[in-house]
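Work through the exercises below with the sequence and the structure side by side. Try each task before reading its solution.

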Amino acid sequence: MAAESGTVEISIPDELRFMLPVRQRTGVVRVPVDGVNSLLHVIESLGVSRTEFGRLEVNGREVSSDHRPTPGEQVVVHARTRPQPVPAHRYLLDVHLGTLARRMRTLGLDTSYSNDADDPELVEQAIAENRVLLTRDRGLLRRKALPDGAFVRGQDPDAQLADILDRFRPPLAPWTRCPSCNGLLQGVPVEKVEHLIEPGTRRSYSEFFQCNDCGRPYWHGAHAEGLEQIVASVQAD
């Protein structure tokens, strides 16, 4: 028997409409369905990644993403609630988010990043290390094997960091991780790192840290104030 053809009405929340094609960003979206494809498939075909929506309702009752919509149904899509719970606050960033990775590490977040990992490698690592994959690649988020992921909102690193902190509300421990390699930092006397720093830095700062993994020295430079303002704004909410 041939599948029945027709359309369903899908209501997308305002905060997810940016993922839709421009022509569909206002009002109810009408989508052809065949009674075969799942609601997950239909929503993703609009451009909304599976990681970005939460509850689904059809004709006023909650359904799973496996539901097969039939013509005439009215679908309401809800955005993921914030803060979003995750199994562990361990993160993995794709190759385009290097600056964001450094900032997350500066705030003490366990953040893995490589500038040459391909999509299959990222998914495998996310699974093996129980990490949330952060990316702006919607195709990557559509991979069925990926357990946890999120689309990073914002074009610049400041906006992206604010989005991640708002979405997951991870516990922060500023200045405890190496921005370069994600290793843990420990406070050290200046004598231990003075051969690694410039004389001007030695005279200007009194508190130094060193990475247990790569050995790089750190101190609270001018960028610290900006990051501390971000932390304070998140903790105040």
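**Exercise 1. Find what surrounds Arg131, and say whether Arg131 is buried or exposed.**

Step 1. Leaving out residues up to four places away in sequence, Arg131 touches Arg90, Tyr91, Leu92, Asp110, Thr111, Ser112, Gln125, Ala126, Asp148 and Asn182. A contact here means heavy atoms within 4.5 Å.

The model is predicted, so local features need pLDDT of at least 70 and side-chain atom pairs count only at pLDDT 80 or more, while totals for chains, interfaces and linings use all residues. Residues are numbered from 1 along each chain as its sequence is written, and side-chain values use heavy atoms, with hydrogens and water left out.

Step 2. Helices (H or I, at least four residues) and strands (E, at least two) are DSSP runs, numbered from the N terminus.

Step 3. Arg131 has a relative accessibility of 6%, so Arg131 counts as buried. The cut-offs are under 20% relative accessible area for buried, over 50% for exposed, and partly exposed in between (1.4 Å probe, protein chains only).

Step 4. Look for polar contacts. The side chain of Arg131 makes one with the side chain of Asp110, at 3.1 Å, and one with the side chain of Glu129, at 2.6 Å. A polar contact is a pair of N or O atoms within 3.5 Å; within protein, one must be able to donate a hydrogen and the other to accept it, and residues adjacent in sequence count only if both atoms are side-chain atoms.

**Exercise 2. Describe two residues of the loop between α5 and β10: Arg177 and Pro179.**

Step 1. Arg177 is found in the loop between α5 (157–168) and β10 (185–188). Its relative accessible area is 16%, so Arg177 is buried.

Step 2. A polar atom of the Arg177 side chain lies 2.8 Å from the backbone oxygen of Asn182. Neighbours within four places aside, the contacts of Arg177 include Arg105, Gly108, Leu109 and Asp110.

Step 3. Pro179 is in the loop between α5 and β10 too, and at 10% relative accessibility Pro179 counts as buried. Pro179 is in contact with Arg102, Arg105, Thr106 and Tyr218, again leaving aside neighbours within four places in sequence.

Step 4. Compare sequence and space: Pro179 and Thr99 are 80 residues apart in sequence, and their C-alpha atoms are 9.4 Å apart.

**Exercise 3. Check the span of α5 and inspect its two ends.**

Step 1. α5 has twelve residues and reaches 16 Å from its first C-alpha to its last, close to the 16 Å expected at 1.5 Å a residue. The expected span is 1.5 Å times one less than the number of residues.

Step 2. At the start of α5, a side-chain oxygen of Asp156 comes within 3.0 Å of the backbone nitrogen of Asp158. Just after α5, Arg169 has a positive phi of about 45°.

Step 3. Among the buried residues of α5 are Leu161, Ile164, Leu165 and Phe168.

**Exercise 4. Which residues have the most contacts inside the largest nonpolar core?**

Step 1. A nonpolar core is a set of buried Ala, Val, Leu, Ile, Met, Phe, Trp, Tyr and Cys residues joined through side-chain atoms within 4.5 Å. The largest one has 32 residues, and those with the most contacts inside it are Ile10, Phe53 and Val77.

Step 2. Elements that give two or more residues to this core include β1 (6–11), α1 (39–45) and β5 (74–79). The largest share, four residues, comes from α1.

Step 3. Residues up to four places away not counted, Ile10 touches Val28, Val29, Val31, Val42, Leu46, Val75 and Val77. A second, separate core of 17 residues includes Val86, Leu93, Leu109 and Phe168.

**Exercise 5. Classify the aromatic pair of Phe18 and Phe151.**

Step 1. Rings of Phe, Tyr and Trp (its six-membered ring) pair if their centres lie within 6.5 Å; planes under 30 degrees apart count as stacked, over 60 as edge-to-face and the rest as tilted. By this rule there are four aromatic pairs.

Step 2. The Phe18 and Phe151 rings are 5.9 Å apart centre to centre with 40° between the planes, and the pair is tilted.

Step 3. Phe18 is in the loop between β1 and β2 and Phe151 in strand β9 (residues 149–151), 133 residues apart. Phe18 is partly exposed at 30% relative accessible area, whereas Phe151 is buried at 4%.
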